[in-house]
Amino acid sequence: MKKILMMFLLLATGTVAFTQTSDKEAVKTVLNNYKKAIEKLDTTGVVNLFVKDSKVFEQAKDEGTIGHYLEHHLGPELKDFKSFTFSDYKVDVTVTGEYAFSTETYIYTIILAKDGKEIKSQGVATSVLRKSKEGWKIVQTHSSFRKAK
């Protein structure tokens, strides 16, 4: 009986570890898809990465839902860019049940379309994601930046 119980515990532990690893990778995929859309300067489909009543915060400002943020802030802004690239990108994800918490750090470089001017900043973003039938979705995200050194 002890051997059966021990085997069950080992299998359960392995299953939990596998699930957490696959959930972490799924969360990283959602975050990476958001990052890729920004780099492509095309936010088509980005709303599908977020829950309907999401909250977006940038530089201590409440930007509303992702739909509002895309329509009134990020979307118009991307039209002024020739390119937007991320480098030195690192992401840390913690999964707890149906929620995940992430921290992303990066350097981003923007080239303006108008005059080719380069803007380089160091950024950080923290996000909360929730797992649903449709997969992992961003519930809330907050990003901030400062001039790169």
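Lysine 55 and aspartate 62 form a salt bridge, with their closest N and O atoms 2.8 Å apart; a salt bridge is a side-chain nitrogen of Lys or Arg within 4 Å of a carboxyl oxygen of Asp or Glu. The model is predicted, so local features need pLDDT of at least 70 and side-chain atom pairs pLDDT 80 or more, while totals for chains, interfaces and linings use all residues. Residues are numbered from 1 along each chain as its sequence is written, and side-chain values use heavy atoms, without hydrogens and water.

Lysine 55 is partly exposed, at 31% relative accessible area, and aspartate 62 is partly exposed at 40% (buried is under 20% relative accessible area, exposed over 50%, partly exposed in between, with a 1.4 Å probe and protein chains only).

The whole structure holds 3 salt bridges. In one of them, aspartate 23 meets lysine 131 at 2.9 Å, N to O. This pair links distant parts of the chain, 108 residues apart, with aspartate 23 in helix 1 and lysine 131 in strand 5 (helices, H or I of at least four residues, and strands, E of at least two, are DSSP runs numbered from the N terminus). Aspartate 23 is buried, at 8% relative accessibility, whereas lysine 131 is partly exposed at 36%. Glutamate 25 also forms a salt bridge with lysine 28, at 3.8 Å between the closest N and O atoms. Glutamate 25 and lysine 28 lie 3 residues apart in helix 1, about one helical turn.
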